[in-house]
Amino acid sequence: LYGAPRYPHSFPTRRSSVLPVYRERMRWFHEARFGMFIHWGLYALLGRGEWAMFTDRVPAAEYRRLARRFVARRFDATAWARVARDAGMRYMVLTARHHDGFCLYDSAVSDFTAPKTGARRDFVAEYVEACRAAGLHVGIYYSPLSWQFAGNFEPERHPDSLAEMRDLARAQVLELVRNYGKIDLLWYDGGYVYNAMKSRDDMAPFWGARELNAAVRRIQPHIVINNRLGTDEDIDTPEQHVKASAAGRGWETCMTMAGAAGWG
């Protein structure tokens, strides 16, 4: 693991308000209909998509060295938000952390972050500000899985690493919903742990998804949460095809602009 983080071991218990009913918190989402999904992160330096570390078998220590070069001087969240708004989009989703484990935001529980390495910037903070200035709803993508942990690949050999990956993910999700004002959409991805899960049913117990999402909703009562951490939550997420859910159930087709060539 990059750095030596320490994680909180309890979820917040204070209720900020009574949770709104499903129809109420989904109203903006059904009205929005069109959003921009941005996969961007450390892997942009390699130019081979967001799975480059995994597909090219790049060792974790070697991959982490890229963070010193990731300065992103041309990053302009305002320009991205303008493009989305001018295209008729009503919301955006940004990869705050993808499967490589690199955070685009200022995490107190990890040093493998943009603000603590080459960029010295909190890109999520800039993105959130730009979305709001453009009148767009704010979505944040987070992958609990991280290729920085040996336990992700060999859970039986590295159970402590596996547990640390899980605890880090839970702590970082709470950071994201606590530290950036109102977040409209929480987009999980990467809930599957290699060689440790037989089906989607194994996800929720491992990550503590029910408890984690309940804590998220206490902080952000109106947030919309997707179905990729083992619980159904608010929306289904068919990928690269259009498939409506049952009547009354929210769904979002997530689709790349270049077919199946990749997201990043």
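Me: How accessible is arginine 121, and what is its relative accessible area?
Reply: Burial is read from the relative accessible area, with residues under 20% taken as buried and those over 50% as exposed. In this predicted model, arginine 121 has a relative accessible area of 22% and is therefore partly exposed.

Me: Which side chain does arginine 121 meet in a salt bridge?
Reply: The general idea is that side chains of opposite charge can pair when their charged atoms come close. Here, the side chain of arginine 121 meets that of glutamate 126, with 2.7 Å from N to O. Glutamate 126 is partly exposed as well, at 26% relative accessibility.

Me: How many salt bridges does a search of the whole structure find?
Reply: The search finds 14 salt bridges. Among them is the bridge between arginine 48 and aspartate 56, at 2.6 Å from N to O. Aspartate 56 is partly exposed, with 37% relative accessibility. Glutamate 154 and arginine 157 form another, at 3.3 Å from N to O.

Me: Which residues are linked in a network of salt bridges?
Reply: Arg25, Arg217, Glu233 and Asp234 are linked in such a network. Of these, Arg217 is also one of the buried residues of helix 9.

Me: Which residues of helix 9 are buried?
Reply: An α-helix has 3.6 residues a turn, so residues three or four places apart point the same way. In helix 9, which spans residues 209–219, the buried residues are Ala209, Leu212, Asn213, Ala215, Val216, Arg217 and Arg218.

Me: Against which elements do the buried residues of helix 9 pack?
Reply: Their partners include three helices: helix 1, helix 7 (159–179) and helix 8 (203–207). Strand 4 (185–188) and strand 5 (224–225) are also packed against by the buried residues of helix 9.

Me: How many aromatic pairs does the structure hold?
Reply: A pair of aromatic rings is described by the distance of the centres and the angle of the planes. This structure holds 25 aromatic pairs. One of them joins phenylalanine 153 and tyrosine 194 in a stacked arrangement, with 5.7 Å centre to centre and 5 degrees between the planes. This pair links distant parts of the chain, 41 residues apart: phenylalanine 153 belongs to helix 6 (residues 150–153), and tyrosine 194 to the loop between strand 4 and helix 8. Phenylalanine 153 is partly exposed, at 29%, while tyrosine 194 is buried, at 18%.

Me: Is the pair of tyrosine 192 and tyrosine 194 stacked or edge-to-face?
Reply: That pair is edge-to-face, with 6.1 Å centre to centre and 90 degrees between the planes. Tyrosine 192 is partly exposed, at 34% relative accessibility.

Me: Which residues do ring pairs link into a cluster?
Reply: The cluster is made up of Trp40, Phe70, Phe75, Trp80, Phe102, Phe112 and Phe123.

Me: What is the volume of the largest pocket, and which residues lie nearest its centre?
Reply: The largest pocket has a volume of about 830 Å³. Its lining comprises 27 residues, with Phe34, Gly35, Thr253, Cys254 and Met255 nearest the centre. Two or more lining residues come from each of helix 1 (22–32), strand 1 (35–38), strand 2 (91–97) and strand 7 (250–251). Strand 1 gives the largest share, four residues.

Me: How do the residues that line the second largest pocket divide?
Reply: The second largest pocket has a volume of about 190 Å³. It is lined by 17 residues, of which Trp51, His99, Asp189, Gly190 and Arg228 are the closest to its centre. The lining residues of the second largest pocket divide into eight nonpolar, five polar and four charged.

Notes. Residues numbered from 1 in each chain as written. Predicted model: local features only at pLDDT ≥ 70, side-chain atom pairs only at ≥ 80, totals over all residues. Heavy atoms only, no water. 1 Å grid on protein atoms, 1.4 Å probe; cavity = no way out; pocket = protein on both sides within 12 Å on 5 of 7 lines; lining within 4 Å. Points joined across faces, edges and corners; volume = space filled by probe spheres on them. Nonpolar A, V, L, I, M, F, W, Y, C, P; charged D, E, K, R; others polar. Salt bridge = Lys/Arg side-chain N within 4 Å of Asp/Glu carboxyl O. Buried < 20%, exposed > 50% of the residue type's maximum accessible area, 1.4 Å probe, protein only. Contact = heavy atoms within 4.5 Å. Phe/Tyr/Trp six-rings, centres within 6.5 Å; stacked < 30°, edge-to-face > 60°.
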